[in-house]
Amino acid sequence: MDPITFSIIRHRLFRVIDEAVITLKHVSGSAITNEGHDLMVSLYRADGSLLMGGVGFLHHLTSAAEACKAVIRRFEGDIGEGDVFLTNCPYTAALHTSDIYLVAPIHHEGRLVAWSACFVHVYDIGAMVPGGFSPDSRDIFTEGFSSPGIKLVEGGEMRRDVMDTLLNMVRAPEMVALDLSSMIAANNVARERMGALIEKYGADAVDEACGALVDQSETLLRKRLRELPDGRWEARQYFDIEGETCRVLLAMTKEGDELTFDFTGSSPQSHYGINCTYWASWGGFFAPLFPLLCYDITWNDGVLRPIRMIAPEGSVVNCTRPAPVSLATVGTIQSVNNAACTCIAKMLSASEKYAEEATAVWHGSHFAIFMFGLNQRRQEAIGILTETFGGAGGARTWADGIDVGGEIPNPIGRMANVETTEATFPVRYLFRRARPDTGGPGRWRGGNALEFALVQHDSPEGGINYVVSGKGTEFSMSEGLGGGYAGAPCAYRWVHNNRASEAGRNVNPFPTSLDEMTGEAETISWGVFPLKGEDALYVRSDGGGGFGDPLEREPARVQADVEAGMVSAEVAAAVYGVVMANGTVDEGATAARRETLRAARLAAPVAAAAE
Amino acid sequence: MSGKRISATLVVNEDRAIACAACGHTLGPAGAPWKDHARLDEQPMQGAGGNPYTNAERVLLRRFFCPGCGALLDTESALADDPFLTDIVRV
Amino acid sequence: MSERSGTRYVVATDVGGTCTDAVLFAAGEPVRLGKALSTPPDFADGVLAAVGTAADDIGLATDALLARTALFMHGSTVVDNTLFTRSGARTGLITTEGFEDTLVITRGAYGRWAGLTEDGIKHPVATDRAPPLVPRAKTRGVPERVDYKGAVLRALDEDAVRQAIRSLVEDEEIEALAVSFLWSFYNASHEQRVGDLIREVAPDVYVTLSSEIAPVPGEYERASTTVINAYAGRIASDYITSLQALLRGRGYGGPLLVMQGYGGLLPAEEAAERAVGMLECGPAAGVIGSRHLGRLMEDDDIIACDMGGTTFKVGVIQGGAIDYAREPMVDRYHYVAPKIEVVSIGAGGGSIVALDPATGVPGVGPASAGARPGPVCYGLGGAEPTLTDVMLLVGYMDPGTFLGGTIALDAEAARRVFVEKVAQPLGMSVEEAAIGIYRIAAAQITDLIHEITVERGLDPRDFVLHAFGGTCGLLCGVFGAELGVRRIVVPYTASVNAAFGLLSADIVHEYTVTKTLPMPSPAAEINEIYAPMVARARDQLAAEGFADDAIALDWSIDLRYGRQVHEVTTPVAGGGPMDDDAVGRLAADFEALYERKFGKGSAYRAAGMEMTMFRLTARGMVERPRIERAALDGSDPGAAQIGKRDIFVEAEGGFAPADIYDFERLSPGNVIAGPAVIHTPITTIVVQAGQSGRMDAYRNISIELG
C-alpha cells in the first residue's frame with residue numbers, strides 16, 4: 001500500500017471515531033458524558049479485534065473488542081446489516097453492569113467488514129442502589145440488568161419489546177433511553193462514515209490499510225520493547241474495604257519484544273463489589289499501557305499481540321461468577337491501573353532513551369461520590385460528582401505532577417464548575433481547592449489532590465443521599481517512583497453538625513476548612529449515607545506520587561511551593577530539609593538540616609537485618 | 001557515575017555490580033535483588049509527607065538508602081509482614 | 001486631484017501577526033488594497049504604512065487621505081499578542097473565600113489538555129497547563145457568598161476586601177485586579193462593591209469585574225475571562241487611545257471603530273474597556289466579510305476559508321447566520337465571550353512536509369517555516385520542504401511571476417531538498433511524491449471542513465466556498481470538489497480578508513441576562529427581562545449618533561432540554577417585545593435548530609425545556625457607500641493568457657498541459673476553462689479540469705465545478 005493512501009485512510013479512521021464521539025455527546029447531553037468524557041467509541045475489524053481506539057475511558061478499548069467477539073460467537077449466522085447488539089455482562093466483556101456496550105456490524109455490499117462499538121455509563125441499571133454503584137450487593141444478581149448479548153436493533157429497526165423490557169427494569173427509564181439512543185446514533189455515524197471511506201477508496205484498499213495499521217502498531221511496539229532492557233518489575237497495591245485488606249500484586253516481565261503481566265498472589269475475590277472480572281483486569285492494565293508506551297502508536301490489536309496476562313481464577317483480578325463487581329471501575333481496576341503504571345514506569349526509567357516517559361502514579365484511588373435523591377426542583381437527581389475526574393498528576397522524571405491534573409486512563413476528563421453542580425443537586429459547596437501537602441514529596445513533587453465539602457441546600461426532602469466507595473483511605477494508592485513518596489491517602493468525613501446543633505453548640509455555616517467545622521467529624525469510607533440538615537460531607541482525594549529524593553529538590557522550587565500554598569513550611573523543613581526564614585530559603589540552615597537528615601539515613605540499619 | 005542505567009537511581013557498573021548512580025557504592029551483583037544491601041528506614045505512613053497522611057498507622061513507608069551517600073534509592077508503602085518488592089533488570 | 005477633494009473615504013485596517021492590511025474605497029471608486037508588515041509592539045507604524053500603500057494607489061499622501069476619511073475601522077491582534085508574549089500587567093484576583101484555586105486548577109485536567117491536538121492528548125505524561133496569568137500567591141479569597149438563586153447567604157466582609165486590596169497592591173505590586181465571585185451573574189452587588197472599594201483604596205489599579213465582562217454561569221471560565229481582561233486591559237486601552245490620538249494628529253476627524261471577536265464594531269472608548277472582546281477579531285472579520293460578499297452575490301450559505309502561511313481557518317455561514325464558539329480559548333486560556341466560530345489547523349504555505357521518524361508516513365505541518373526562513377524556494381535560508389515548495393513542484397506556481405515577479409523562486413533548491421527529505425525516503429519520483437503530499441494537505445482540509453459542517457448536521461453540497469488567503473486558491477479546486485460544494489469563489493480581496501470584513505461590519509453591542517425560566521413562560525415575563533436591556537441599548541446607540549431607523553435590536557434566547565447540557569441560542573423571529581404566540585414559535589424554532597445542530601433524534605422532550613439566557617444584540621447600521629459593479633466584458637479570456645505549461649491535474653491523476661493566465665489582464669465576464677492557472681500579483685488560483693472560472697463584476701473569480 002502506498003504511504004500516501006495509507007496516511008489518508010489512517011487519518012480518516014480517526015475522524016470517523018471523532019465524529020461518532022461528538023454525536024454521542026450531542027445526543028446524550030448528560031453531564032457525565034459531556035463533562036467527564038466518561039465514554040468510548042472505537043472501531044473493530046471484522047473478527048472483532050481492535051482497529052482503532054478513540055480517546056475515551058481507555059479500560060474499554062479492549063473490553064469492547066471482547067464484546068464484539070462475544071457477539072460474533074453468540075449470533076453467528078444472525079448478524080445482519082443495520083443490527084445493533086447490547087452487552088453489559090461483566091463475565092462476558094463489560095467492566096460492570098452500568099457500562100453498557102452497544103456494538104454494531106458494518107457491512108459493505110452485504111459483507112461484514114468491520115464493527116463499531118461504544119459505551120457510556122448509563123443513568124441507571126436497576127441495581128440495589130440508584131445509579132448502579134451498590135456497596136451492599138453481595139452478588140451479580142443484585143447489581144441490576146445484565147445481558148451477555150441481545151439484539152437491540154434489527155436491520156435498522158429498534159426492537160421495541162427488547163427496549164421496553166430493558167427500560168422496565170431501570171429507574172428514570174427516559175434517561176436510560178436517551179443514553180441508549182446516543183450510542184445508537186454514534187454507531188450509525190461510524191457506520192455511515194466507514195461506508196463513505198470504503199466507497200471512496202474501495203473495500204480492499206481500506207481492508208489492506210486496516211491490516212497494515214494493525215501490523216504497524218505491533219511492529220512499532222515490539223521495536224520499542226526491544227529498545228528497553230529485559231527485566232522483571234513488581235508493584236503492590238492495597239485497598240481497604242470495611243476492614244478487609246485486599247492486595248493486587250503484579251510482576252511485569254519483559255523479555256525481548258514481549259511483555260507479561262502476572263497477577264499471581266493477588267487477594268481472593270472480595271465479598272464486596274470491588275472485584276474485576278478477567279476482561280476488566282485485561283482492560284485495566286492496557287488503560288495506562290496505551291498512553292505510557294504507545295503515545296505515538298495507533299491504539300489497536302497490534303499493541304495487544306506482544307502482551308500476555310496471568311490472572312488467578314477466583315481472585316480480585318479474575319473473580320468467579322456470581323461475585324459482585326458493581327464498583328470494579330472505582331475499585332480493583334484502579335489498582336490494576338496503578339500497579340501497571342508503576343511497573344511500566346520502572347521499566348521506562350531503566351532506559352536512558354525512555355526515562356522521560358516514566359511517571360509516578362496519578363489519581364490512584366479514583367475516589368467517587370455518587371449522589372441520588374430529589375433536587376431543588378423536585379426532579380429525580382442521580383449522578384456522580386464530577387470531582388472524581390479532578391485527579392492529581394504523578395510526578396514525572398523531569399517535572400512535578402500536575403495539581404488536580406486528572407488521570408492517565410481517561411486522558412480528557414474534566415470536572416464540572418461548582419455552579420453547575422449547585423444548580424443540578426440540592427447542595428452548597430463550602431470550599432473546593434487543591435489541598436497542600438497531599439502530593440507525594442520527591443525531587444519532583446506529586447500533584448496535590450482536591451478537597452471539598454458540601455452541605456445540603458434547598459433540598460425539598462431536607463437532604464440527599466450519597467454513596468462512598470472508598471478505598472485508598474488507609475493506603476496511599478498513588479505510589480511514588482525512584483525514591484519519591486506516595487501521595488497522601490483519601491479522606492471522607494461525615495461532619496455531624498446536626499448533633500452539634502442539638503447539643504446547643506454553634507455551627508459555623510461558612511467554614512473554609514475541615515478544622516473550622518464545628519460538628520464531630522466521623523471517618524467514613526464505604527456505604528450509603530445521608531447529607532441532611534446541617535451535616536456536611538468533607539472529601540479529600542489522594543495526591544499524586546512523587547519522583548526522586550526530596551532532599552534533592554531545588555530549594556527554590558520548595559520556596560515557590562510554600563509561596564503558592566502548595567507545600568507547608570513544616571513539610572518543607574521536615575521532608576525536603578528546606579528551612580524557610582521570612583518567606584525565603586535560609587541557605588545555611590537548609591544545608592545543615594539536609595546534612596542532619598542524610599546522617600540519620602546512614603545511621604539506619606541495613607535492610608537485610610531489618611527484614 | 002558511569003555504568004548502565006537500571007533505574008532512576010541505580011546503575012550496573014563495569015564489574016557487573018549494582019551501584020548507586022550518585023556515588024558508585026555497590027549493592028550486590030547485577031541481576032540479583034539489591035534492597036537487602038541498602039539501609040532501610042521504616043516509619044508509619046501516618047504523617048510521613050505531612051498532615052494529610054492520615055488514617056495510616058498500619059501502613060509503613062519503607063525508604064531504601066544508599067549506604068555510601070545516603071541517597072534515597074527507592075520507596076515502598078507496605079504492611080509490616082509483606083516482603084520487599086523485587087525488581088530485576090538484565091543489562 | 002481637485003475633483004477628489006469632496007470624496008469621502010471609508011478606511012479599514014487589520015493588524016495581523018505578520019501583516020497589516022488596509023482596504024479603502026469611496027462612492028464611485030474601485031476598492032483599493034494595501035499591505036505592510038506588522039510592527040509590534042508599536043503596531044500603529046504598520047497601520048499607517050498599510051494605509052499609505054493603498055493611498056499611493058490613488059495618488060494621495062496618507063495625511064491627505066485621512067483628512068478625507070469619514071470612517072476608520074480597525075481590527076488588531078494586540079490583545080492576542082499580549083497573551084502569546086505574556087506581556088500583560090501584573091494582575092491579582094479577588095474571589096470567594098474557599099474557592100481561591102478555581103483559576104489555577106482549571107476544572108482539573110481541562111486546562112491541561114484543552115487546545116492540544118489528538119497526538120498531544122494521547123501523550124499525557126508530556127502535557128502541562130499553561131502557567132496561570134494570576135499565580136496563586138496573587139489571589140485573595142474574601143468572605144461572601146451568593147447561592148444558585150442569587151440570594152446573599154453571607155454578606156461581603158468589606159474590611160477583609162480592603163485588606164486584600166492593600167496586600168495585593170503593597171506586597172504583590174499588582175497593577176490590575178480581576179474580581180470574580182460565585183454566582184455573581186445573578187447578583188452582582190458584591191462585585192460592584194469591591195469595584196468601589198478598589199477605586200477608593202487603590203485608584204490607579206485597572207479593575208475588571210466578572211459580572212460586567214462575562215455575566216454567565218461557570219466560575220472557572222468566568223474568572224479566566226475576567227483575568228484575561230484585567231491582564232491585557234491597560235495595554236488594549238492605551239493602544240486604542242494612542243491610535244486614536246495618532247489619527248487625530250494626522251488629520252482624521254471621524255470616529256475610530258474597533259472590531260470585536262463577535263463580528264461587530266465598537267466605538268473606541270467602549271472597546272478600550274473590553275480587551276477580551278478584541279481576541280480573534282481578525283478571523284471574525286473575515287467571516288463577516290464573507291457574509292457581506294455572499295449578500296452581494298446572493299449566497300446565504302457559505303464555507304469561509306482562509307489559508308495563509310501557517311494556518312488554515314474556516315468558519316460557516318448558514319442562511320446568513322453565523323455560529324459562535326462554545327468554549328473559546330486564547331493560547332491555552334479559556335474565556336467566555338461571544339466569538340465567531342472559526343476552526344483551524346496548522347496547514348499553510350509554510351507548513352513543513354516531513355516523514356514520521358518512527359513510521360516513515362508523510363505529513364504536512366503543524367510545524368511551519370513561517371515567513372522566515374520560509375519555504376526552500378524563497379531562498380531565504382529555509383532548509384525544510386514546505387507546502388509552498390510542493391506547489392512549485394506540481395507546477396502551480398511560476399518561479400518568474402511570484403508576487404508580481406518581485407521574488408525569484410529557486411525551483412532547483414526546492415526540488416533538491418524535496419528529493420532528499422521526502423521523495424527518496426518514500427521511494428517515489430518527485431512528481432509522485434509531490435502529488436501525494438498535495439493530496440494529504442487537501443485531505444486534511446477536507447476533514448477540517450467536515451468537522452464544522454457534516455459533524456454539525458450541515459451538508460457541504462448546500463454551500464458556496466469562499467477561498468481567502470495567499471494559499472487557498474492553490475488547493476480549493478481539489479478539496480472543494482471533494483466536498484462537492486455548489487461553487488467556489490476566490491474573492492478579489494482574497495489577500496486582505498480581515499480588512500475587507502471590517503468594511504461591512506456594523507456597530508454591535510451585546511447584552512445578556514442569565515436567568516432560568518421554564519418553557520413556555522408568559523411573554524410578559526420575558527419582556528420584563530428585556531426592558532432594561534432595550535432601554536440601555538437605545539440610549540447607548542443614540543449617544544453614538546444613531547437615529548431610530550438606523551438601530552436594529554435582535555432578541556435571542558438560549559434554550560435547552562431539561563437535564564441536558566447543550567444550550568442553543570435561538571433567535572426570536574420578528575424580534576421583541578414578544579406575545580404568547582411568539583413564545584410558542586420560539587420553542588418550535590429551538591427544536592428545529594437543536595436537531596439541525598445535534599443531529600436527528602437528539603431532541604429530548606421528556607424532561608421539558610427551559611430558557612437559560614436572554615440576549616440582546618443592538619446594531620447601529622453604519623452608513624457606507626456601495627461597492628461598484630464593473631461592466632461585464634465578453635467571455636473570451638484569450639487576451640489574458642500568458643502561456644501554457646504542465647501542471648498536476650487531479651482528474652488525470654498526473655501532469656497535463658494547462659493554460660496560464662494573468663489576473664490583471666482578465667476582464668469581468670471572462671470565463672476560463674480548466675485545467676488552468678491564474679496568477680495574481682499576490683496569489684495563484686488553480687482551476688481544475690472540468691471546472692470553469694469566471695471573473696464577475698466585482699473581479700472575484702467564481703469557479704463552477706461542472
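# Contacts and packing in a three-chain predicted model

Modeller: In this predicted model, A:I4, A:S7, A:I8, A:H11 and A:R15 of α1(A) meet C:G436, C:R439, C:I440, C:A443, C:D447 and C:H450 of α15(C).

Biologist: How do the residues of the contact of α1(A) with α15(C) divide by class?

Modeller: They divide into four nonpolar, four polar and three charged residues.

Biologist: Why is α7(A) called oblique to α9(A)?

Modeller: Helix α7 (residues 278-293) and helix α9 (residues 332-349), both of chain A, pack at an angle of about 40°, with their axes 8 Å apart. Roughly parallel would need an angle under 35 degrees and roughly perpendicular one of 65 to 115, while the rest count as oblique, and that makes α7(A) oblique to α9(A).

Biologist: Which residues make that contact between α7(A) and α9(A), and of what class are they?

Modeller: From α7(A) the contact draws on A:A280, A:S281, A:G284, A:F285, A:A287, A:P288, A:L289, A:L292 and A:L293, and from α9(A) on A:I333, A:V336, A:N337, A:A340, A:C341 and A:I344. By class, the contact of α7(A) with α9(A) has 12 nonpolar, three polar and no charged residues. As to handedness, α7(A) passes α9(A) in a right-handed crossing.

Biologist: Which chains share the most contacts?

Modeller: Of the two pairs of chains in contact, chains A and C share the most, with 63 residues of chain A in contact with 58 residues of chain C. On the side of chain A that touches chain C, at least two residues each are supplied by α1 (3-28), α2 (31-34), α5 (173-201), α6 (203-227), α7, α10 (418-424) and β14 (427-435) of chain A. The largest share of that side, 13 residues, comes from α1(A), and the residues of the side divide into 30 nonpolar, 19 polar and 14 charged.

Biologist: Which elements of chain A give two or more residues to the side that touches chain B?

Modeller: In that pair, 53 residues of chain A are in contact with 45 residues of chain B. The elements are β8 (230-241), α9, α14 (587-602) and α15 (607-610) of chain A, and β8(A) gives the most, with eight residues. The residues on this side of chain A divide into 23 nonpolar, 15 polar and 15 charged.

Biologist: How do you know that chain B and chain C do not touch?

Modeller: A contact requires C-beta atoms within 7 Å, and chain B and chain C do not touch, their nearest C-alpha atoms being 17 Å apart.

Biologist: What is the secondary structure of chain B?

Modeller: Chain B has zero helices and eight strands, and its C-alpha trace spans about 45 × 25 × 15 Å along its principal axes. Buried residues make up 52% of its 91 residues, and among contacts in chain B between residues at least 6 apart in sequence, 33% join residues at least 24 apart.

Biologist: How do you know that the radius of gyration of chain C agrees with that of a compact globule?

Modeller: With 706 residues, a compact globule would have a radius of gyration near 27 Å, and chain C has 26 Å, which agrees. The C-alpha trace of chain C spans about 80 × 65 × 55 Å along its principal axes, and its secondary structure comes to 19 helices and 33 strands. Buried residues make up 53% of the 706 residues in chain C, and of its contacts with a separation of 6 or more, 66% are between residues 24 or more positions apart.

Biologist: Why is C:V649 called buried?

Modeller: A residue is buried if 20 or more other C-beta atoms lie within 10 Å of its own; C:V649 has 22 within that distance and is therefore buried. C:V649 lies in strand β27 (residues 641-649) of chain C and, not counting residues up to four places away in sequence, touches C:A656, C:A658, C:P675, C:Q688 and C:A689. The C-alpha atoms of C:V649 and C:E431 are separated by 12 Å, although these residues are 218 residues apart along the chain.

Key: Residues numbered from 1 in each chain as written. Chains lettered and ligands numbered in written order. Predicted model: local features only at pLDDT ≥ 70, side-chain atom pairs only at ≥ 80, totals over all residues. Helix = DSSP H or I, 4+ residues; strand = E, 2+ residues; numbered from the N terminus. Rg over C-alpha atoms; globule rule 2.2 N^0.38 Å. Buried ≥ 20, exposed ≤ 12 C-beta atoms within 10 Å, placed from the backbone. Axes fitted to C-alpha atoms, helices over the stretch in contact; angles between N-to-C directions. Parallel < 35°, antiparallel > 145°, perpendicular 65-115°, else oblique. Left-handed = near helix turned anticlockwise from the far one by under 90°. Nonpolar A, V, L, I, M, F, W, Y, C, P; charged D, E, K, R; others polar.
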